[in-house]
Amino acid sequence: MLSENKTADVSFESLLRIFTVPEAPDSTLSRIETELSQNLNQFLREHIVAEEKRLSDIEKDFSDPILPEKPSFVSDHTQHLLDTLVSQSVHTSAPSFIGHMTSALPYFIMPLSKIMIALNQNLVKIETSKAFTPLERQVLGMLHRLFYAESDAFYTKWMHSAKHSLGAFCSGGTIANITALWVARNNALKADGTFRGVESEGLFRAMKYYGYDDLAILVSERGHYSLRKAANILGIGQDNLIAVKTDDNNRTCIQDLEQKLSDLKRKNIKPFAIIGVAGTTETGNIDPLREMAEISHREQCHFHVDAAWGGATMMSKNNRHLLDGVELADSITIDAHKQLYLPMGAGMVLFKNPDAVSVIEHHAEYILRKGSKDLGSHTLEGSRSGMAMLVYAAMHIISRPGYELLIDASINKAKYFADLISKQEDFELISDPELCLLTYRYVPEKAQKALSLAAGDHKDKLHRLLNELTTYIQKRQRESGKSFVSRTRLNPAKWDYLDTIVFRVVLANPLTTESILSAILEEQRDIAAHCHSLRKEIDELIEKIQDSN
């Protein structure tokens, strides 16, 4: 809670000052601005504390529901934010923070963000965005060409066409995926004869007109959770988001996809979209996109590729082959706030066909008038910021070859870490990296041998204890504040598909070094050594397994 001391007077003159007059050069806010501009990572390192405070203690700083009756001085409030908010935030750009899909940001993002925020453009309509509208269209065109490689004439014709769109900027991959599936559903139930389309008459009448008993979307069991939201919002229900089995490499099993399609046809259920994943959230693997595209086109299904994570790999001539077949997708999701190294809030969906978005077009008399180039006429969201400016700037300042260096370095780093893990006697690699994401766990050498001998209840119990150990290590490592890896649950074939809790790391941060990776393993090993009660229980079970063999 803010101190009751040092409050300013409420007057219109003082309010005008915060709109027009900057803080003095020696003020807290001005000092922060300087430090952020000079060395962003140094500022974060100094102001985010290493040792985590309990969430219940942090909540005490934010427990007053009363709206202040007295204004605070800007610098005083800034200091309050430093003490209570910044200090207890997550240092996502730290080189040892390798648990999630966030990374260090280029230094130029800070000053350019100030320009973007100061302009405060609203991309929903051209009346409040002007130059930002053609800029956003160009960014979408640049990424569309990266994936689809159409001709110069194609982009000259379609990039700035008022009635068409090559894609849409979104607040993130969730909205991008929902938008793609919204287009897919509306195209599957489009206007025909006397029927005016699902967007006008609704799902019940659309199903009745087309004679379907239900609708479905197919995606691998590693599909992102945002797809469940899409199924809910689009009215088909989460039960009709059909999970397709994955193979031992966490990729969609084509045989099971074909079987699921057959089952749906037999039940008179229309599969209107098939989704391929280019970089699964849990393991970073890429589906067999070309085969899936061929099946989708044969079945007249919309083929969407969720490349929120792996899409940036297209920047690398050395590794873009990993996304073979992505150019056959009807739509593609990509998140710039992942491997394009931009702040949160920069998702995009691209459409191969510029006409695809016509089925979600919407207008209003006071904005989004017919014939205008307002971007909001083809987007789920209304008011949006000018995040396209930061993507535009990054693509020019870093350039495609620069991104290629970053992508290649992250993939090579993941291969190095996988190799390092494989050489350890007490660690086990669970999923090999295809991009820059991998999973592993700590398993004492004695436990590895016991697992290969154990059967039945003994094997299940040892797995459960190792899961508890992995969870304990991950929590303690996070709480210590030195480094961070995340955890997830997989079912590796090696261990008879038993539920296995594993460490998950993402090696996109260019500041992460090989020595940091070695230190992370050492810290995990040290934490495990001090987990005496659990280690004792594991050792006792290992003895029983050895005795029974």
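Which residues are buried in helix α12? First, the basis: this is a predicted model, where local features need pLDDT of at least 70, side-chain atom pairs count only at pLDDT 80 or more, and totals for chains, interfaces and linings use all residues. Residues are numbered from 1 along each chain as its sequence is written, and side-chain values use heavy atoms, with hydrogens and water left out.

In α12, residues 226-233, the buried ones are S226, L227, A230 and A231. They lie on the same side of α12, because they cover an arc of only 145° around the axis. Buried means under 20% relative accessible area with a 1.4 Å probe, protein chains only; the arc is taken from the directions from the helix axis to the C-beta atoms. Helices are DSSP runs of H or I, at least four residues, and strands are runs of E, at least two, numbered from the N terminus. The cover over these residues includes α9 (173-188), β2 (214-220), β3 (241-244) and β4 (269-277). Just after α12, G235 has a positive phi of about 85°.

Next, E201, in helix α10, residues 198-201. E201 counts as buried because its relative accessibility is 18%. Its side chain reaches the backbone nitrogen of R196 at 2.8 Å. Leaving aside residues up to four places away in sequence, E201 touches T194, F195 and R196, where contact means heavy atoms within 4.5 Å.

Last, a helix pair. K413, Y416, F417, L420 and I421 in α16 meet E514, L517, S518 and L521 in α19.

Definitions and conventions. Buried means under 20% relative accessible area, exposed over 50%, partly exposed in between (1.4 Å probe, protein chains only). A polar contact is a pair of N or O atoms within 3.5 Å; within protein, one must be able to donate a hydrogen and the other to accept it, and residues adjacent in sequence count only if both atoms are side-chain atoms.
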